[in-house]
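Please keep the sequence and the structure at hand while reading.

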Amino acid sequence: MKNQVRAFADKEEGGDLKSVCQALFLLALRSANEHRQADELEALMQGRGIGLHPAVCLAIRVNTFLSCSQYHKMYRTVKATSGRQIFQPLHTLRAAEKELLPGFHEFEWQPALKNVSTSCNVGIINGVSGWASSVDDFPADTITRRFRYDVALVSALKDLEEDIMEGLRESGMEDSACTSGFSVMIKESCDGMGDVSEKHGGGPAVPEKAVRFSITIMSVSVMAEEEEKEVTIFTEPKPNSELSCKPLCLMFVDESDHETLTAVLGPIVAERNAMKESRLIISMGGLPRSFRFHFRGTGYDEKMVREMEGLEASGSSYVCTLCDSTRAEASENMVLHSVTRSHEENLDRYEIWRTNPFSESVDELRDRVKGVSAKPFMETHSTLDALHCDIGNATEFYKIFQDEIGEVYKKVNPSREERRSWRAALDKQLRKKLKLRPVMRMNGNYARRLMTQEAVEVVCELVPSEERREALRELIRLYLQMKPVWRSSCPAKECPDQLCRYSFNSQRFADILSTTFKYRYDGKITNYLHKTLAHVPEIIERDGSIGAWASEGNESANKLFRRFRKMNARQSKAFELEDVLKHHWLYTSKLLQKFMEAHKDSAKALQATIDPVQSQDYEDMSLEMNDF
């Protein structure tokens, strides 16, 4: 037999016995369905590496929003056209995925978490599973999927392992010296999403709304044994990007449905409270290290804060979630207020509201508890949400512009028709001069374009009196001085001058509002305008930043939710949230982002091999979404 093979090799392959044997072995492997081994052997025979690493392929797949079938189609096309297996087959991507998703790494809590199981390999769980329903409770008939909070945090930290070790080296702390004393700052965000259109799946009829709860690791710092001060070894460079905002829980719930929302978030709150009392031990850079977590719930809009802290809704006469001021007081004294509300105080006030210990009338009781009338169920960190602050103030200015065009300060109460005509004039002017299309609901992009000197000049063309034009220009000039202070991630570094002048500017701003624009601010003021004028310097002094803690990352990740749901999830309701959650988690992985950075060109080549018509569809879709 040896002689026959040698004779065949001499005749066909120029005497290359090795390649004949390899070809035979390859055929045998293929016929036995051992394709993976055969692929690797083929790669070796062609004298090249095995192509891209599976994790790189996964990064490309996730970042270019390919579904499995699209990726597979592309993998086959590339293999057929180039004769080389550059991309890896799907099953190797699945293995790479497992390491990045929560539930892969071993860890331990000291002391063990109260009421939380000690198992480490827990993946996606049903969000209502931890909710013990009693006879009185109505069953939460909703679909929700989440990661267990502690397991998700472990995965997020392991994802940052390279950065943390790099930070330790840079700050000159030897690896072996630092095994305890790490503290991690977490930003929590939660936001409701309207109009998540129904997909065709079985299961209960769920509301066409969704709520997303997510976390961002803001910083990791370490307290070395001999040191006095903590050293920060990792800071999230883009705290408001959807790339750093990791989804923890997705649910089909209307955010106004307080009962279901509290039922689903209840177990998360319990896990979070348990983690505050305990230390996490995980292996980092080959050594076991211990981490403590600090949670700051700041990524909420005002509606969500009021709901979670048991306050009346935002139309209430108690205008602020930070202080006890009423709307009338806030419009009289616009600047001098300090942050007084806290979660503990809200709980105490709820007890007073519930028991009415002094047997007061409803009005007296409400005045005593300052508008706390439901049980606060989740601790938020009192701050001002920079994104909604922008939007709220722009809405207010939009109304001022209308009023100035119609010279409301001279009139008593104008009719609806008149108001409508002013609005039409304003919209037309903005569209003609600034290409700003009218929007149904004010959004961040519109707000940013509207609040500029240029936009005010355009509006001033429609304002009849020169003196009113000057007042408007002065207002916007002051506003643009104040805005960077609550928008920037680190105001002390980025805009120290504006930070120093903030109190002075806000006082001047308030003076103009209460004199020239008295017709709008007589006994009333909008919630965000009050916070902008009264609370910004104090919050910055306490936290160092407002912008970095905003809900923007979560808001922009809402768009991703829609996209993943449309393109990367199975049709059935029971599975789709699972798929979206998994995919979204991978999308926020720092490790995959690094791979992606290194292999941009392969990704471009990949986009070209996929059906170009299909890519066009996605382009159109993303354009539509950016309008809003």
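What volume does the second largest cavity have? The volume of the second largest cavity is about 80 Å³, in a model that is predicted. The protein has 628 residues, of which buried residues make up 52%, and it holds 27 helices and nine strands.

**Overall build**

- Along its principal axes, the C-alpha trace of the protein spans about 110 × 60 × 55 Å.
- Among contacts between residues at least 6 apart in sequence, 71% join residues at least 24 apart.

**Cavities**

- The count of cavities of 30 Å³ or more comes to six, and the largest cavity has a volume of about 180 Å³.
- The largest cavity has a lining of 22 residues, and those nearest its centre are Val305, Thr321, Thr380, Ser382 and Thr383.
- At least two lining residues of the largest cavity come from each of β9, α10 (302-308), α12 (343-355) and α21, and by class the lining divides into six nonpolar, 10 polar and six charged residues.
- The second largest cavity is lined by Ala156, Asp159, Leu160, Ile217, Glu236, Leu243, Ser244, Lys246, Thr588 and Lys590, a set that divides into four nonpolar, two polar and four charged residues.
- Lys246, one of the residues that line the second largest cavity, also has its charged end over the ring of tryptophan 585, at 4.7 Å from the ring centre.

**The second largest pocket**

- The second largest pocket has a volume of about 560 Å³, and of the 23 residues in its lining, Met218, Ser219, Thr232, Thr235 and Trp549 are the closest to its centre.
- Strands β4 (182-193), β5 (210-222), β6 (231-235) and β9, together with helix α22 (536-543), each supply at least two residues of this pocket's lining.
- The lining of the second largest pocket is made up of eight nonpolar, nine polar and six charged residues.

**Aromatic rings**

- The structure holds 15 aromatic pairs, among them tryptophan 109 with phenylalanine 293, a pair that is tilted because the planes stand at 45°, with the ring centres 6.0 Å apart.
- This pair links distant parts of the chain, since tryptophan 109 lies in strand β1 (residues 108-110) and phenylalanine 293 in strand β9 (residues 287-299), 184 residues apart, and both residues are buried.
- Phenylalanine 397 and phenylalanine 401 form an edge-to-face pair, with 6.1 Å from centre to centre and 65° between the planes.
- Both of these phenylalanines lie in helix α14 (residues 386-405), where they are four residues apart, about one turn of the helix.
- Phenylalanine 397 is buried, with a relative accessible area of 2%, and phenylalanine 401 likewise counts as buried, at 1% relative accessibility.
- Ring pairs join Phe397 and Phe401 with Tyr479, Trp486 and Phe509 in a cluster.
- Arginine 570 lies over the face of phenylalanine 575, at 4.2 Å from the ring centre.

- Which residues does valine 459 contact beyond its neighbours within four places in sequence? They are Phe401, Leu426 and Leu430, and Phe401 is also a member of the aromatic cluster.
- Valine 459 lies in helix α17 (residues 453-460), and it counts as buried because its relative accessibility is 1%, which is under the 20% cut-off.
- The C-alpha atoms of valine 459 and tyrosine 398 are 9.9 Å apart in space, although the two residues are 61 residues apart in sequence.
- Leucine 533 is found in helix α21 (residues 527-534), a helix that supplies at least two residues to the lining of the largest cavity.
- At 1% relative accessibility, leucine 533 also counts as buried, and its contacts, leaving aside neighbours within four places in sequence, are with Met334, Val335, Met482, Ser506, Phe509, Ala510 and Leu513.
- Phe509, one of these contacts of leucine 533, belongs to the cluster of linked rings.
- Leucine 533 and glutamine 507 are 26 residues apart along the chain, with their C-alpha atoms separated by 7.6 Å.

How values were computed: Residues numbered from 1 in each chain as written. Predicted model: local features only at pLDDT ≥ 70, side-chain atom pairs only at ≥ 80, totals over all residues. Heavy atoms only, no water. Buried < 20%, exposed > 50% of the residue type's maximum accessible area, 1.4 Å probe, protein only. Contact = heavy atoms within 4.5 Å. Phe/Tyr/Trp six-rings, centres within 6.5 Å; stacked < 30°, edge-to-face > 60°. Lys NZ or Arg CZ within 6 Å of the ring centre and 35° of its normal. 1 Å grid on protein atoms, 1.4 Å probe; cavity = no way out; pocket = protein on both sides within 12 Å on 5 of 7 lines; lining within 4 Å. Points joined across faces, edges and corners; volume = space filled by probe spheres on them. Nonpolar A, V, L, I, M, F, W, Y, C, P; charged D, E, K, R; others polar.
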